[in-house]
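The stops below go from the whole chain down to single residues.

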Amino acid sequence: MDLFEHQARQLFEEHGILVPRAEVARTAKEARACAERLGGRVVIKAQVKTGGRGKAGGVKLAADPAAAEITARQILGMDIKGHTTRAVMVAQPVAIDAEFYVSYVLDRAAGCFLAIASAEGGMDIEAVAASRPEAVARIPIAPEGGVTRATALDIAAAAGLPAETADTLVRLWHVLIREDALLVEVNPLVRTTQGEILALDGKVTLDDNARFRQERWGTDQEAHEQELEAAAAAKGLNYVKLDGEVGVIGNGAGLVMSTLDVVAGCGARPANFLDIGGGASAEVMADGLTVILSDPSVRSVFVNVFGGITACDAVADGIVSALKSVTLTKPLVVRLDGNNAARGRAILDGRAHPLVQQATTMDGAARRAADLANAR
Ligand code: GDP
Ligand code: MN
């Protein structure tokens, strides 16, 4: 589970890491009151569980409480990469002297943790890593040793960070280990013009296997995708929200996983995925389509079914009757293969719906779905 920035900020503060003074507001009026308490001039930041908020217009400076109210009104409700902004963080602005990148992440392949750090923080770290890989230091951290002051100084030296960041690097490690996190990322970690080292942003991913002792974060989980995930789970469907534009429905976890890869290979990004499992009755299909279509970031839907015990004609019947109860608002690309594929395709052909099209191969269907998502 990912934490909101304001929750990550709270953890950082508990571990003695310097953070800007800040409060959370859920209405524009509240944001104004926060700004009054914080000295007037503030930064308003969308609280959504995705990065790149700055570029999307979700991080803005407001000169005084009246401006804070107006800016908060603009940002609240804003859709950022499919995530609806339901709260903003109102923070005291910081005068930045330098911006750094630092993260600790579990490297499952290597069986250790990895410290990733760069003196070129603030902007898109993926872009820095792609164009100038030498500017991003990657240092394996042995789980039993962890990050001591000596390790922290090594990380700082390798990445070109000032030695004053070492204390913060050790404390961020404590956040990772003591709070059951799989990822702790700070971008930017800044040196202020006063020479203080401050975490200006925070991303923390908790290990879901440790949820039983991390219950305090469970209460204000109100994001739309979680509502959708819960709605899907209540209907026995396995639904996961992702960041792209192609909705993916498939039968069986393995097929759905490879469908995500094929969609990505066609230059589009999956918006979500829904595994309808073995059953593909009309009801399951209708429920699945309803969940997928209520995700506002979906631009096309790819239904990828390999008929086994549930034959393709049954799936086709399911789609046909689902379309009687669900209003299709986005193009649907269907690929049926396996048991009774020809009969299934004939059923769909016979009930032509203007927004439904078929493809015979997984690659062909993925390409169509990707093109449709990218075209609109
Ligand atoms: P992200 O775009 O989702 O990563 O959101 P960030 O919290 O990292 O904010 C984006 C950018 O806004 C940062 O890289 C900073 O350059 C800038 N920013 C955020 N807060 C402040 C602040 O208090 N003062 C200044 N000068 N810039 C800030
Ligand atoms: Mn950031």
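How far apart do the C-alpha centres of domain 2 and domain 3 lie? They lie 38 Å apart. This is a predicted model, in which local features need pLDDT of at least 70, side-chain atom pairs count only at pLDDT 80 or more, and totals for chains, interfaces and linings use all residues. Residues are numbered from 1 along each chain as its sequence is written, chains are lettered from A and ligands numbered from 1 in the order in which they are written, and side-chain values use heavy atoms, with hydrogens and water left out.

Colour the domains: domain 1 covers 21–91, domain 2 covers 96–213 and domain 3 covers 220–375. These bounds come from an automatic or database domain assignment.

Next, select helix H5, residues 149–159. Helices (H or I, at least four residues) and strands (E, at least two) are DSSP runs, numbered from the N terminus. Thr151, Ala152, Ile155, Ala156 and Ala159 are the buried residues of H5. Looking down the axis of H5, these fall within an arc of 140°, so they line one face of the helix; the arc is taken from the directions from the helix axis to the C-beta atoms. Buried means under 20% relative accessible area, exposed over 50%, and partly exposed in between (1.4 Å probe, protein chains only).

Turn to the face of H5 away from its buried side: the exposed residues Arg149, Asp154 and Ala157 are there. Then show what covers the buried residues, including strands S7 (96–107), S8 (112–118) and S9 (136–141) and helix H6 (166–178).

Key
Contact = heavy atoms within 4.5 Å.
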